[in-house]
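Here is a short report for a reader meeting this structure for the first time. It starts with the whole and then turns to the parts.

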Amino acid sequence: MNPTRAIVRGWWREALGAVIVLVSRIATAPRTPWENDEFLFAEAVRNFDPSRYHPHPPGYPLFVILGKVFNAFIHDPWRALVIFGIVAAPIGFVALARAFRNWIGDADLAVCGALLYYFSASMLVHGTLALSDGPAMMFVALALFAISSPHDDAHERNAIFIGLCTSAAIGVRPQLVVPIAPMLIIAILQMRTLRQRVACVIAFGLLSAMWFLPLADAAGGLNALRLYETKQMQYVAAHDASMSRGGMSTVQVVVRFVFHPWGSKYVTLPLFACVLLGVVAFARLLWRDKWRSTTLGLIALVVVQLIFELGWIDPADGARYSLAFMPIVALLAALGLGVIRRSAGFAAAPWAVTAVLIVATLAYVWPLVGTRTKLPSPPAAAAAFANANLAPNSVIGYDIALKPHAEYLLTRFRLLPVEKAIAEAYDKPGIPLVLLTNGSAGGPGAHTFSWPESDAYWKLTRDLYREVNLATEDPKERYLPISGAYAIEHAIDGSEWRWLGPDATIRLPHTHGALAALTMRITPDAPYDADDVTISINGRDTAVVHVGKEPLVTNVTLPSDPALEVRLRSSRSFRPSVTLHNQDPRTLAVQLLHVESGGQSH
């Protein structure tokens, strides 16, 4: 047979699938950046500086390096990373399909399994973003392809390729060192000769040095790099493995990591039915090859990844982190499709079921994926509005979650965290103070930018940035928290408040006028229905108000002193960690909803 014809006959399914994957990625590419990590990566491509969290720990050195290569042609750091992700998708698809084919010996089922993975809800949402997940999984898929390929005694090419791909996957996404390490160890032990093992280790070491040394240099040396990574590990232990889980049960955490990445229950239920059908067939493969089975590397990868996720990863990131676990689900589902094909006596059954699941998944994620192809992300839309309409001397206070967005998109303004911006501008009525916050808000000076709400947004993302608010603060409504007043918080309905402790003090601007109106309430979660709050101004008691669960406006007369401090002492308070059994250690009394000064007495 003609060699070209043999290649076409042997690879046409993978080639067709790769074209479908590539077209889907081009069609679903986002219009603007959206997730905060995208901005950190884009900044790193522009200037690799881990000390400024460009990028955030653990550094992603090879992702940044390859991003710089793409940016040399694209001349847009964010767009370069998006294109990198688009290019990585069909390559990863072909590699994963060939790995599945090597394991199960059925080209149709292998391609169907790879399509299920690359058209999973999580991959459709995150694969085209300027994030490391898609490119990292391309290298994981290439490593699995090499591991699944037959070894011989004649050469070390396959061993070298395994070493290079596993190192590249870790260099692109260093968190993958946890599951890749046992996979690589198993692959090395299964190699036939010592020369292959040595070649694999050398290839892994050389490429690792090529991306590790630039990371150490950019971080400022090995000691600085150690501190940089240690801070991240401490954060993961304190936040991702503990605080972020709140009151979630073990079952809820498992559902978040195992089922949500596949999207709708109308996809998940039939998909996992196929998985159950495929378990027996997979067990037969393991029994046939026993310890020589190259699927042992895949099993090590996904088992360790799942344990890592369930034990230490923030559930909000579950859909993205599960991309390294999901190949085993896709493989088992492909084997289950084989069972359906045999039972139905219908050769095209795997393709038909796969097509239905893909269409259902696309319909599920389209409110998110389709919207971002047509509309700028809410942070990008807010930034465009600010750049077009705000005065150059404006001070913009940003939510901490929106810091990367602000620093990348709003470079013409003075940027500060919300509380620092308030402290700088509360007593400067001539300087516009604008707050950039996550969520919606009301009021005459507020502009909310949003995408439509959807189940996919909640299940597959951190549930941030769907609504972003840009609000100009009226000088009459500004004040400075001195003590006992916590940071501003927002609700989905647009309301905002500042929690007060049992003894709180705020300072009014010098242009305070003769009257001030304070609006307070008690949250419905409080273990009491009312609280008596004593209001003192510059040390003199002015009023005692009975605050309930409905907003109460209290008007107080202000003395003519230029500097005024308002003290609010509550008779009752509670601790959410005790009352609500959550991770909030604060002691809370009432919510301060609004302050307005500058009125005239009657």
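## Overall picture

Accessible areas here come from the Shrake-Rupley method with a 1.4 Å probe. On that basis the protein exposes about 25,500 Å². Carbon and sulfur atoms supply 63% of that area. The model is predicted.

The protein has 602 residues, and 55% of them are buried. Its secondary structure comes to 22 helices and 13 strands. The C-alpha trace spans about 100 × 50 × 40 Å along its principal axes. Among contacts with a separation of 6 or more, 74% join residues 24 or more positions apart.

## A five-stranded sheet

An open sheet is formed by 5 strands. Their order is β2-β1-β3-β5-β4, and the pairing is mixed. The edge strands are β2 (414-417) and β4 (446-450), each of which pairs on one side only. Neighbouring strands are turned by 20° against each other on average, direction ignored.

Helix α20 (residues 418-425) packs on this sheet. The helix touches β1, β2 and β3 (433-438). The direction of α20 makes about 120° with that of β2. Strand β1 (residues 395-398) runs parallel to β2, and 4 bridges join the two. In this pairing, Tyr 398 stands opposite Pro 417 in β2.

## Antiparallel strands further along

Strands β6 (residues 480-490) and β7 (residues 496-508) run antiparallel. They are joined by 7 bridges. Here Ile 488 stands opposite Arg 498 in β7.

Strand β7 also pairs with β12 (residues 564-570). This pairing is antiparallel too, with 6 bridges. Ala 504 stands opposite Leu 568 in β12. Strands of a sheet pair through backbone hydrogen bonds, either parallel or antiparallel.

Tyr 479 lies in the loop between β5 (467-473) and β6. Is Tyr 479 buried or exposed? Its relative accessible area is 11%, so Tyr 479 is buried.

What does Tyr 479 touch, leaving aside neighbours within four places in sequence? Its contacts are Ile 422, Tyr 426, Arg 498, Ile 506, Arg 507, Leu 508, Leu 592 and Val 595. Take Ile 506, which is 27 residues from Tyr 479 along the chain. The C-alpha atoms of this pair are separated by 6.6 Å.

## Salt bridges

Side chains of opposite charge can pair when their charged atoms come close. How many salt bridges does the structure hold? It holds 24.

One of them joins Arg 98 and Glu 14, with the closest N and O atoms 3.3 Å apart. Arg 98 is buried because its relative accessible area is 14%. Glu 14 is also buried, because its relative accessible area is 0%.

Lys 459 and Asp 455 meet in another salt bridge (3.4 Å, N to O). They are 4 residues apart in helix α21 (residues 455-460), so about one helical turn separates them. Lys 459 counts as buried because its relative accessibility is 12%. Asp 455, at 37%, counts as partly exposed.

Lys 549 forms a salt bridge with Asp 529, and their closest N and O atoms are 3.5 Å apart. This pair also links distant parts of the chain, 20 residues apart. Lys 549 sits in the loop between β10 (540-547) and β11 (552-557). Asp 529 sits in the loop between β8 (515-521) and β9 (531-537). Lys 549 is partly exposed, with a relative accessible area of 29%. Asp 529 counts as exposed at 59% relative accessibility.

Salt bridges also link residues into a network. Its members are Glu 35, Asp 37, Asp 133, Arg 173, Asp 317, Arg 320 and Arg 462.

Which residues make the nonpolar surface patch of about 390 Å²? They are Leu 194, Val 198, Ile 202 and Leu 206. Leu 194 is in helix α10 (residues 194-219). Its relative accessibility is 61%, so Leu 194 counts as exposed.

How values were computed:
Residues numbered from 1 in each chain as written. Predicted model: local features only at pLDDT ≥ 70, side-chain atom pairs only at ≥ 80, totals over all residues. Heavy atoms only, no water. Pairing = 2+ DSSP bridges. Axes fitted to C-alpha atoms, helices over the stretch in contact; angles between N-to-C directions. Contact = heavy atoms within 4.5 Å. Patch = residues over 30% accessible without salt bridge, like charges linked within 9 Å, V, L, I, M, F, W, Y side chains within 5 Å. Salt bridge = Lys/Arg side-chain N within 4 Å of Asp/Glu carboxyl O. Buried < 20%, exposed > 50% of the residue type's maximum accessible area, 1.4 Å probe, protein only.
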